[in-house]
Amino acid sequence: MDEDSILFGIRNAFALGNYQIVINEVSSARAIQSPAGKLESQAFLYRSYIAQGKYNLVINDIAESGAEGPLAAVRLLATYLRAKQKNEETQATIEQALALLEEGANRVDQTIQVVVATILVNDGKSEEALKVLHTRSKKLECVALAVQIYLQMDRLDLARKEVAQAKSWAEDALLLQMMEAWVDLRVGGDKYQEAFYIFEEFGQSNAEPSIKILNGQAAANIALGRYPEAESVLMEALNKNNDDPETLVNMIVCANLTSKPADVINRYVSQLREVAPQHPYLQELDLKSSLFDRAATRFALVDSS
């Protein structure tokens with residue numbers, strides 16, 4: 001297999017969330033000889049380790065100084081996520097990432113753009129992240145992250161516009177199909193079924209569907225009101241990794257919709273707090289609980305006796 005074919009496979013495996021496949025492929029791919037190909041594959045390798053939560057491995061493997069731009073950016077992402085996981089200070093890392101972005105041609109390097117924007121999104125700076133992604137023509141990963149940001153901002157119109165523009169040059173790229181599924185889930189109606197078909201096709205095209213794809217199938221099933229089917233694929237995802245935050249969030253949603261006992265739901269919430277204490281779902285849940293408690297204090301039971 002030639003270098004282009006190997007890199008194509010690595011990009012698709014990463015997009016599908018098959019991170020161990022990326023790691024195995026890069027570790028054994030001797031056909032990748034060009035400097036650009038080696039750099040791209042190494043960046044995907046370490047981004048896959050980050051996706052698996054192996055921040056220390058990435059930090060220890062990539063030199064703190066002297067690493068090429070994309071790898072330096074990936075190291076900063078691992079440093080940021082480790083610090084956030086430990087509830088430590090992250091501002092210095094953010095400043096380093098923004099400084100790296102300004103060096104040479106880094107501002108138009110897709111890997112650096114995506115990694116720096118990812119740091120900013122995790123820090124709640126969506127607008128700043130979009131500015132980092134401003135040059136994204138024919139950069140599918142940049143477009144995909146922009147679509148996710150717009151959906152988080154409830155700007156469905158802008159997300160659909162990004163996908164429509166990408167169709168003019170990305171044709172039937174796998175990542176483009178995934179973007180369409182994300183947008184379909186937000187549009188609703190008949191689009192729920194279309195989203196399900198996309199995730200189902202992804203799952204059938206791989207002997208082992210990834211946790212990412214299983215969660216996509218579950219989200220579509222939940223939207224369609226097919227809760228038993230959603231629970232089934234989520235159980236499959238938990239069997240692959242019982243500490244995956246997105247799976248736990250979807251399990252909480254599914255358990256609530258199927259009126260599972262409170263202790264079952266609370267166990268999933270407690271597990272999520274343990275593995276991802278700063279997850280947006282928990283932040284929103286805690287905010288709503290706080291608002292409810294505050295409202296409840298305004299009312300007192302009156303003893304009518």
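Glu-208 counts as exposed, with 54% relative accessibility, where exposed means over 50% relative accessible area, buried under 20% and partly exposed in between (1.4 Å probe, protein chains only). The model is predicted, so local features need pLDDT of at least 70 and side-chain atom pairs count only at pLDDT 80 or more, while totals for chains, interfaces and linings use all residues. Residues are numbered from 1 along each chain as its sequence is written, and side-chain values use heavy atoms, with hydrogens and water left out.

Glu-208 meets Lys-240 in a salt bridge, at 2.7 Å from N to O, the term standing for a side-chain nitrogen of Lys or Arg within 4 Å of a carboxyl oxygen of Asp or Glu. This pair links distant parts of the chain, since Lys-240 lies in helix α14 (residues 227-240) and Glu-208 in the loop between α12 and α13, 32 residues apart; helices here are DSSP runs (H or I, at least four residues), numbered from the N terminus. Lys-240 is partly exposed, at 35% relative accessibility.

Lys-191 and Glu-194 form one of them, with their closest N and O atoms 3.4 Å apart, and because they are three residues apart in helix α12, about one helical turn separates them. An α-helix has 3.6 residues a turn, so residues three or four places apart point the same way. Lys-191 is partly exposed at 29%, as is Glu-194 at 37%.

Arg-267 and Asp-263 also meet in a salt bridge, at 3.6 Å from N to O, being four residues apart in helix α16 (residues 262-275).

Notes
Helix = DSSP H or I, 4+ residues; strand = E, 2+ residues; numbered from the N terminus.
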